[in-house]
Structure formats: structure tokens, C-alpha cells
Amino acid sequence: MNHLKTAILLAGLTALFMAVGFAIGGRGGMMIAFVVASATNLFSYWNSDKMVLRMYGAREVDEATAPDFVRMVHELARRADLPLPRVFIMDNPQPNAFATGRNPQNAAVAATTGLLQSLSPEEVAGVMAHELAHIKHYDTLTMTMTATIAGAISMLANFGLLFGGGNRNNNNPFGAIGTILMVILAPVAAMLVQMAISRSREYEADRGGAEILGRPMALASALAKISGAAHEVPNYEAESNPATAHMFIINPLSGARMDNLFSTHPAVENRIAALRALSQQMGGGGFAPGPSPAVRPPGGNPWGGAARGGDAGPRRGPWG
């Protein structure tokens with residue numbers, strides 16, 4: 001049902017995009033809007049993962065540079081019956097994570113240093129299982145397309161306001177006033193559709209991640225910790241690129257806590273309640289990545305590897 005709803009919402013966004021083009025330039029404007037949308041989506045399909053990873057300065061890691069973290073992600077991917085994704089770390093103090101890629105064969109997961117340093121291994125595993133669930137459900141492609149179309153609608157609307165679309169010669173049935181209303185309200189409608197899709201996908205990824213890990217309360221604990229820190233520790237890259245906020249497990253922007261039309265994510269309290277109910281259904285067991293380290297040496301490389309300029313010290317994280 002959620003997949004059907006997502007398809008309907010995406011179709012609605014596309015229709016809205018073409019309607020704005022029609023309001024600005026009549027049938028010709030609608031066709032141009034369709035061509036632009038198709039070209040933009042094609043470019044995003046092949047390059048969105050590279051663009052967003054570069055945007056956040058993510059660096060790829062492997063078993064030589066972050067062994068514990070990479071092994072954890074790979075083990076979770078095997079449990080989810082997914083190809084092994086590329087693994088990235090973002091040098092950012094805000095605890096957060098996201099997944100990207102057009103399909104499971106070309107997927108990547110990224111976590112911030114803040115997430116790896118502030119959560120226990122089991123909680124990190126819960127977060128990464130959530131991101132792998134997004135990949136398994138093809139949410140990364142859906143959300144990229146949604147963001148692209150919504151952004152294009154806003155761009156077209158700004159163009160219409162700037163150049164005063166809706167003249168009498170473009171066969172526009174809305175008239176000048178209708179066109180002005182269209183170009184003002186269309187971006188708002190697109191934003192609401194984008195947010196509705198994002199919220200429905202987050203609930204599904206929470207459930208899918210909990211099933212991959214087998215420990216719903218590990219993810220619930222992680223959500224509580226990340227939510228508390230995400231609104232206290234700024235994420236300047238996300239603030240500069242708010243269109244990518246829906247990709248993160250918790251909204252990286254300041255001030256978005258409510259589960260309403262203007263929130264990119266469901267309320268954390270609602271997500272935790274759903275996970276608690278799922279935990280009661282599932283019982284115990286599941287994948288246990290290992291005990292949390294008692295001490296994390298300052299300056300150490302998160303999740304395995306030596307600290308710069310010093311001894312490696314005790315291994316940290318799962319299988320440490």
C-alpha cells in the first residue's frame with residue numbers, strides 16, 4: 001500500500017510540474033517542462049549519489065581504515081540479502097546517517113563521526129540497518145526523484161513570477177490571477193508531497209531495519225540519542241542544502257520536531273512507540289555486534305584503526 005501511495009504521489013508531483021509549465025507557457029511551456037523534468041531526472045538517476053556524498057565531504061572507508069564499522073555494515077547487508085554497499089564517513093559532529101544510490105547494486109551508506117563516537121555498537125548497527133532497509137526498498141531512488149521534481153517545480157514557479165507568465169496569448173485557462181496563484185502555491189504543494197513521501201518511508205525503514213538487526217529497541221535507543229543531539233549540534237552542510245534533509249535518519253535541520261505537514265520526518269516519539277510495539281512482537285534475539293567499549297581514546301579513528309601519530313590502542317566497536 002505504501003508503494004502504491006508513493007507512486008501516486010510521484011505521479012501527482014509530475015502532473016503539478018507540467019501544470020506549472022502550462023500556466024507559464026501554455027502547451028509549449030508544458031512540453032518544455034516535461035523535457036526538462038525528464039533530463040533532470042535522468043541526470044539525477046546516474047549522479048545523485050556522487051553529488052550528495054561530495055556535498056557532505058564524505059570519504060570512503062574500507063576494512064583497512066575503519067575495519068569494525070565496515071565489517072558491521074557488510075554483516076548487516078548479508079543479513080538483509082543485499083549486495084555489499086560502499087561505506088563512507090562524514091567528518092561532522094552531529095550524529096546522523098543516510099543512504100544513497102539508484103539501486104542496491106550501486107548503493108552507499110554514510111555515517112557522521114558524531115554518530116560513531118556517541119552511540120554504542122548495537123545502536124550504530126540499528127542505524128545502519130535502517131539505512132540498508134531504505135536501500136532494499138529502493139527509497140534512495142524514490143527520494144532523489146521526489147526532491148528533484150519538487151526543486152524543479154520551485155524553479156519554474158520562480159521563473160513564472162519573475163517573467164509574469166499567464167499572458168493572453170499562451171492559451172492558459174487560468175488567467176493572470178490564476179497563474180500567480182499557481183506559481184505561488186505549487187511549490188508549497190510540492191513540498192507537502194515530498195514530506196509526506198519521506199515520512200511514510202521512514203516508518204517502513206524503521207521496521208525493515210529492526211527486522212534486519214532483530215533488535216528493534218537498539219534502533220529506538222539510537223533514535224532517542226540522535227534526536228536529542230541533532231537539534232543541539234549544527235550541521236552546516238545540511239543547513240546550506242535543506243533539500244537533502246529528508247535523506248538523513250533524523251532531520252539534520254534545527255527546529256523540526258513535530259509530526260505534521262511541515263516536518264520531513266515523523267515525530268521520534270511515534271517512531272520509538274512503533275519500534276517498542278514491534279519489539280514485543282519479535283521478542284529477543286537478533287544480531288548483536290558486540291559490547292560497547294568502556295573507553296574511547298581521544299583523537300582515535302572511529303571504529304577501528306590507529307589514532308593519528310600514535311599507538312592503535314584497544315580495538316573499538318564490534319568484534320574488537
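# Chatting through a predicted model

Reader: What pattern does the protein follow along the sequence?
Author: Read along the sequence, the pattern is α-β-α-β-β-β-α-α-α-α-α-α-α. Helices (H or I, at least four residues) and strands (E, at least two) are DSSP runs, numbered from the N terminus. This is a predicted model, where local features need pLDDT of at least 70, side-chain atom pairs count only at pLDDT 80 or more, and totals for chains, interfaces and linings use all residues. Residues are numbered from 1 along each chain as its sequence is written, and side-chain values use heavy atoms, with hydrogens and water left out.

Reader: Which residues touch the most other members of the largest nonpolar core?
Author: Phe 69, Leu 76, Val 127 and Met 128 do, in a core of 45 residues. Helix H4 (residues 121–136) gives the largest share of this core, eight residues. A nonpolar core here is a set of buried Ala, Val, Leu, Ile, Met, Phe, Trp, Tyr and Cys residues joined through side-chain atoms within 4.5 Å.

Reader: What does Met 128 touch?
Author: Not counting residues up to four places away in sequence, Met 128 touches Phe 69, Val 73, Leu 76, Val 109 and Ala 111. Contact means heavy atoms within 4.5 Å. Apart from that core lies another, of 14 residues, among them Val 52, Leu 53, Ala 110 and Ala 245.

Reader: Back to H4: at what angle do the axes of H4 and H7 cross?
Author: The axes of H4 and helix H7 (residues 216–230) cross at roughly 95° and come within 8 Å. That makes H4 roughly perpendicular to H7. Axes are lines fitted to C-alpha atoms, for helices over the stretch in contact, and angles run from 0 to 180 degrees between N-to-C directions. Angles under 35 degrees count as roughly parallel, over 145 as roughly antiparallel, 65 to 115 as roughly perpendicular and the rest as oblique.

Reader: Which residues in H4 and H7 meet?
Author: From H4, Glu 122, Glu 123, Gly 126, Val 127 and His 130 meet Ala 218, Leu 219, Ser 221, Ala 222, Lys 225 and Ile 226 of H7.

Reader: New topic: which residues in H9 are buried?
Author: Val 268, Arg 271, Ile 272, Leu 275, Leu 278 and Ser 279 are buried in H9. Seen down the axis of H9, the buried residues fall within an arc of 120°, so they line one face of the helix. The arc is that of the directions from the helix axis to the C-beta atoms.

Reader: And what's on the other side of H9?
Author: Glu 269, Gln 280 and Gln 281 are there, and they are exposed. Just after H9, Gly 283 takes a positive phi of about 75°.

Reader: Where is Tyr 138?
Author: Tyr 138 lies in the loop between H4 and helix H5 (139–163). Tyr 138 has a positive phi of about 60° although it is not a glycine, and at 39% relative accessibility counts as partly exposed.

Reader: What about Asn 103, buried or exposed?
Author: Asn 103 is buried, with a relative accessible area of 15%. Leaving aside neighbours within four places in sequence, Asn 103 is in contact with Tyr 45 and Tyr 138.

How values were computed:
Buried means under 20% relative accessible area, exposed over 50%, partly exposed in between (1.4 Å probe, protein chains only).
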